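Hello,

Here is the structure we talked about. Please open it and keep it beside you while you read my notes below.

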Amino acid sequence: MIRALYTAASGMSAQQSNLDTVANNLANSATAGFRRRRLQFEDMIYQNMITPGSPESQQTTAAGLQIGLGTRSAATEMVMTQGDFNQTGNNLDLAIQGGGFFQVTRPDGTIAYTRAGNFHRNNQGTIVTTEGDTVLPSITIPSNATDITISQYGVVSAKIPGQTTPAQLGTIQLATFANPGGLNSVGGNLFEQTQSSGNAITDVPGGSTGMGTLQQGYLENSNVDVVAEFVQMILAQRAYESNSKVVHVADDMYSQINNMVR
């Protein structure tokens, strides 16, 4: 019964982590470019009362008697499905149709990656994120530029007074990874590459490496399915209740054993 108490407690702890993950997904359901995560579980070690395959006699082997010791949270998988597009009309808002991430330089000089394309200009005219991180490659828009356009292939153009044709200011590049699910989320809509994700592969949007294309004037919504998260929340709650019930039953059985000696 003591074993059942600890086993059920492991299930309650795992479901608490599951609910934490669901809560974070729901909290970011309106965050541009957010990627939902899904908690994965794994069973813990087993106590071998009789090892499977051990000889019972000269002709027979045991089927085995193993009692599991519970579960634990193993990993959070990042789901990379495409989010819906939201038209904003802002000419520096960009959504990626397909795979790939925007590259940005953080204040410490490191490169991070994001799917959130809600960009704007800083006081130097450089295209930056809402946190002020520079979008790579760095592109500066003159203060007197008008009619800024960004093609689906990342070419940034604008009309400059005195010029008859739009000037090309630069080309936005995207990055992709062999395993984007292995990226490290660091907050601020940013990801860092890890050994699990592999090194970044950079190319222009729509390039031969399978990058997605850009949509100017749109933002990619979070890929959180609110209804599915509510279902997951109910399942986590029921699983938590079931494990809690096991604790109560084991406690009752313990109590009955203690009363036998009175």
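**Buried charges and salt bridges**

Glu220 is buried, at 1% relative accessible area. Keep in mind that this is a predicted model. Glu220 forms a salt bridge with Arg35, and their closest N and O atoms are 2.6 Å apart. The two come from distant parts of the chain, 185 residues apart. Arg35 sits in the loop between H1 and strand E1 (37-43). Glu220 belongs to strand E20 (residues 218-220). Arg35 counts as buried too, because its relative accessibility is 3%, and buried means under 20%.

Side chains of opposite charge can pair when their charged atoms come close. A search of the whole structure finds eight salt bridges. Two others are worth a look.

One is Arg38 with Glu77, where the closest N and O atoms are 2.5 Å apart. Arg38 lies in strand E1 and Glu77 in strand E4 (residues 71-78), so this pair ties together parts that are 39 residues apart in sequence. Arg38 is partly exposed, at 41% relative accessibility. Glu77 is also partly exposed, at 29%.

The other is Glu241 with Arg238, with 2.9 Å between the closest N and O atoms. Both lie in helix H2, three residues apart, which is about one turn of the helix. Glu241 is partly exposed, with a relative accessible area of 37%. Arg238 counts as partly exposed at 47%.

Back to Arg35 and Glu220: salt bridges that share partners join them with Arg115 into one network.

**Asn25**

Is Asn25 buried or exposed? Asn25 is buried, with a relative accessible area of 1%. This residue is found in helix H1. Its side chain makes a polar contact of 3.4 Å with the side chain of Glu229. Leaving aside neighbours within four places in sequence, Asn25 is in contact with Phe34, Arg36, Arg37, Val224 and Glu229.

**Strand E7**

E7 covers residues 101-105. Four of its five residues are buried, so the strand is largely enclosed by the rest of the structure.

Which strands pair with E7? Here are its partners:

- E8 (residues 111-114) pairs with E7 in the antiparallel sense, over four bridges. Val104 has Ala112 as its bridge partner in E8.
- E11 (residues 134-135) runs antiparallel to E7, and two bridges join them. In E11, the bridge partner of Val104 is Val135.
- E15 (residues 174-176) is antiparallel to E7 as well, again with two bridges. Phe101 stands opposite Ala175 in E15.

Val104 therefore has a bridge partner in E8 and another in E11, in a strand that is largely enclosed because four of its five residues are buried.

E7 and E8 form a hairpin with five residues between the strands. There, Gly109 takes a positive phi near 90 degrees.

**Nonpolar surface patch**

Now to the outside. Ile2, Tyr6, Tyr254, Ile257 and Met260 form a nonpolar patch on the surface. Together they have about 560 Å² of accessible area. Helix H1 (2-27) and helix H2 (226-260) are the elements that give two or more residues to the patch. H2 gives the most, with three residues. Ile257 is in helix H2. At 40% relative accessibility, Ile257 counts as partly exposed.

Best wishes

Terms used:
Residues are numbered from 1 along each chain as its sequence is written. This is a predicted model: local features need pLDDT of at least 70, side-chain atom pairs count only at pLDDT 80 or more; totals for chains, interfaces and linings use all residues. Side-chain values use heavy atoms; hydrogens and water are left out. Patches are made of residues with over 30% relative accessible area and no salt bridge: like charges are joined within 9 Å, nonpolar side chains (Val, Leu, Ile, Met, Phe, Trp, Tyr) within 5 Å. Accessible areas come from the Shrake-Rupley method with a 1.4 Å probe; for residues, only the protein chains shown count as cover. A salt bridge is a side-chain nitrogen of Lys or Arg within 4 Å of a carboxyl oxygen of Asp or Glu. Buried means under 20% relative accessible area, exposed over 50%, partly exposed in between (1.4 Å probe, protein chains only). Two strands pair if DSSP finds at least two bridges between them. A polar contact is a pair of N or O atoms within 3.5 Å; within protein, one must be able to donate a hydrogen and the other to accept it, and residues adjacent in sequence count only if both atoms are side-chain atoms. Contact means heavy atoms within 4.5 Å.
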